[in-house]
Amino acid sequence: MKTMTIAVLLAFAALPLAAGDIHGKVACKGVRNSADAVVYVAGIAGKTFSPPAAHAQVDQKGMQFLPHVLPVLVGTTVDFLNSDAVPHNAFSPEDCAAKFNLGTWPQGQSKSYTFVKECVATVLCNVHPEMEGFVLALPTSYFAVTSADGSYQIKDVPDGTYTVKVWHPKLKKVEQSLTVAGATEANFQVTK
Amino acid sequence: MIHNPLDKMLSTRLSRTVALLAAVASLTATSASAIPVFARKYQTTCATCHTAFPKLNYFGKAFKNNGYRYPEGTDEEMTREKPVSLGAEAYKKLWPNALWPANIAGSLPIGVRGVMRVNEYENSSRNQSFEFPHELELLAAGTIGDTFSYFGEVEMENEDNVTELATVVVLQYDPRPDFHVRIGEVSPHPIADGLRLTASHYNPYDVRTTPGSLNLRATNPANPAGPQLSISSASEEDRWRLRDGQAGIELWGSRNGAGGNGGLTWAAGIANGQGLNDANGAKDVYARVAYKFSGYGELGGGASPEGTEFWRDDSFKAGLFAYKGTSTNVFVGSTVALDPSRPAGVGTVEVEKEIENDFDVVGAEFDWWFKDLNVYGLYAQQSDDDPRGTGEAIDSKSWFVEGDWTIYPWLVGILRYGQTSQDFAVRADPDTQKFLVPAIVFVARANVKFTAEAQMRLDDAGKGNDVYVLAIDFGF
């Protein structure tokens with residue numbers, strides 16, 4: 001009996017913590033639609049995340065950075081691909097991204113940068129000043145980008161209480177404490 | 001000064017040419033109109049900003065007061081036409097090592113306004129006319145990023161079978177809704193003449209500082225000791241009036257009142273006074289201030305207008321304005337006279353007189369909206385210290401009141417009455433001119449309008465000179 005009890009306890013211990021998701025909508029006021037807001041869980045004390053081995057990618061296509069907003073985990077390497085028939089450059093004016101400048105390269109080639117610090121990095125092309133993109137290097141892997149209607153879903157978030165933040169390229173940041181228990185809805189409004 | 005007849009003939013031709021060019025250059029448009037560009041930019045109807053175009057409704061005023069932007073920071077959200085970026089926002093962080101970013105309209109921001117008229121004159125010396133067209137305007141307007149806006153206009157207008165051309169360019173810096181800097185064409189008058197619904201202008205705006213012609217005296221070469229010759233003379237410089245747009249710089253702004261309702265509007269400016277090449281070295285200055293009680297906020301917001309109809313905005317606005325300037329006009333004339341000293345026995349006598357007149361205008365305006373009725377008006381008192389070069393000071397008083405009644409959204413009845421009292425003969429008219437303008441506006445479509453209007457004179461000297469106008473006005 002004792003052996004069986006221990007075995008059952010060990011079996012429960014081997015199961016992952018109960019996890020749900022955070023979903024909802026972000027209403028972005030003062031801009032054309034509610035796309036491109038990033039909803040993410042702020043740093044969790046005592047918990048670290050290993051960056052993925054696979055590189056993330058930003059495509060420079062049609063004279064745009066695609067995706068326009070890319071959230072990644074700190075430590076992630078991002079490849080900047082040029083899919084246009086014109087030369088492109090990628091640089092960031094942000095200190096947190098060491099003001100990187102990857103130079104200029106032709107169609108079909110890519111250059112990489114590893115975001116080693118938590119950062120909201122504006123990425124620009126000095127050949128085409130109208131181009132603008134954003135890479136957010138975040139402390140957790142719990143993040144999502146909103147669609148045009150403002151909806152988002154962050155999957156596989158363990159139950160618990162977190163600080164959830166919302167960032168938008170043109171709007172003020174907001175944050176709130178959120179207790180996640182299974183599927184948890186959280187709606188936000190961000191304004192100028 | 002005496003010349004021979006050939007000199008005179010050449011001189012006359014030259015004068016006429018200069019006068020024609022001056023007339024072309026001096027036709028002054030005012031940068032206030034219906035601007036179809038914005039209908040495209042925001043994918044919205046003209047009625048969003050106009051009661052019957054070009055008259056602005058409460059929202060149109062707030063849009064203008066925000067520097068041609070939607071109120072309350074919603075411009076980007078409401079813009080349906082994707083702008084062209086002239087630099088990403090992040091370049092602001094790189095300044096001064098990069099250009100400050102901006103954006104411009106995604107398509108050519110030009111609209112067209114056409115005006116045609118049928119004119120019927122009570123005075124039998126003029127024939128009924130199809131004035132097709134009376135006017136064609138190319139209008140451009142928009143924003144450049146968050147803090148600049150612009151307005152441009154090329155206006156071609158028929159004036160007695162001569163097509164006159166006028167151009168307007170305005171660049172405006174809009175750091176805040178309560179503070180704008182406008183450079184280019186400025187309009188010192190408080191009630192925008194270019195936004196009126198009638199063909200006839202507001203009479204106080206037509207009071208000029210100097211007469212159209214002067215009879216000047218010159219010695220008779222055939223009889224130097226006898227009576228002097230009286231020679232008719234005219235001036236080629238602009239004869240100042242409040243109606244005309246001017247080249248200048250204006251600081252202006254608006255702010256909402258308590259609770260987001262009504263509010264304050266103000267402006268102060270410096271202007272040439274007389275044309276693009278000013279007639280003197282002095283600059284004119286002006287200022288105006290007005291406060292709107294209740295109604296929609298001057299910058300947007302506040303309580304919704306009564307019944308939320310686009311032509312309603314229950315409110316009352318009162319304001320004061322002042323203008324101070326110097327007008328300079330050189331009157332030149334000549335006549336052929338007997339001259340025994342000339343071989344042919346005749347010569348030309350020329351006269352010239354420069355008149356420098358310091359003047360000021362002060363006045364008040366009001367604008368009352370109650371349900372479907374809008375009553376507004378203006379009083380102006382103009383003081384000229386020497387308009388005829390005789391040292392005699394002259395005062396002129398003028399006023400008007402107009403009522404616009406929106407019977408249906410597409411039908412507006414108008415009645416305007418005004419008086420202008422001048423105690424000198426700027427015109428060959430009586431001291432007090434009395435104007436009555438009844439009109440009816442039929443808005444066939446949001447951008448097509450027909451106006452039937454009578455321009456009547458009720459004073460004795462003006463009788464027999466009524467004009468009846470059917471105006472067709474459209475924009476796209």
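Chain A is divided into two domains: domain 1 takes residues 15-47 together with 147-192, and domain 2 takes residues 50-138. Keep in mind, everyone, that this is a predicted model.

How far apart do the two domains of chain A lie? Between their C-alpha centres we have 24 Å. Where domain 1 and domain 2 of chain A touch, the contact draws five residues from domain 1 and seven from domain 2. On the domain 1 side, the residues touching domain 2 are four nonpolar and one charged, with no polar residues.

Now for the contact between the chains. Chain A brings eleven residues to it, and chain B brings 15. What is the make-up of chain A's side by class? Five of its residues are nonpolar, two are polar and four are charged.

Let me move over to chain B. Its secondary structure comes to five helices and 21 strands. Along the principal axes, the C-alpha trace of chain B spans about 80 × 60 × 40 Å.

For those of you who like a quick check on the fold, here is one. A compact globule of 476 residues would have a radius of gyration near 23 Å, and chain B comes in at 25 Å, so the two agree.

And inside chain B? Of its 476 residues, 39% count as buried; for that count, a residue needs 20 or more other C-beta atoms within 10 Å of its own. Then take the contacts in chain B with a separation of 6 or more: 63% of them join residues 24 or more positions apart.

Notes
Residues numbered from 1 in each chain as written. Chains lettered and ligands numbered in written order. Predicted model: local features only at pLDDT ≥ 70, side-chain atom pairs only at ≥ 80, totals over all residues. Domains from an automatic or database assignment. Contact = placed C-beta atoms within 7 Å. Nonpolar A, V, L, I, M, F, W, Y, C, P; charged D, E, K, R; others polar. Helix = DSSP H or I, 4+ residues; strand = E, 2+ residues; numbered from the N terminus. Rg over C-alpha atoms; globule rule 2.2 N^0.38 Å. Buried ≥ 20, exposed ≤ 12 C-beta atoms within 10 Å, placed from the backbone.
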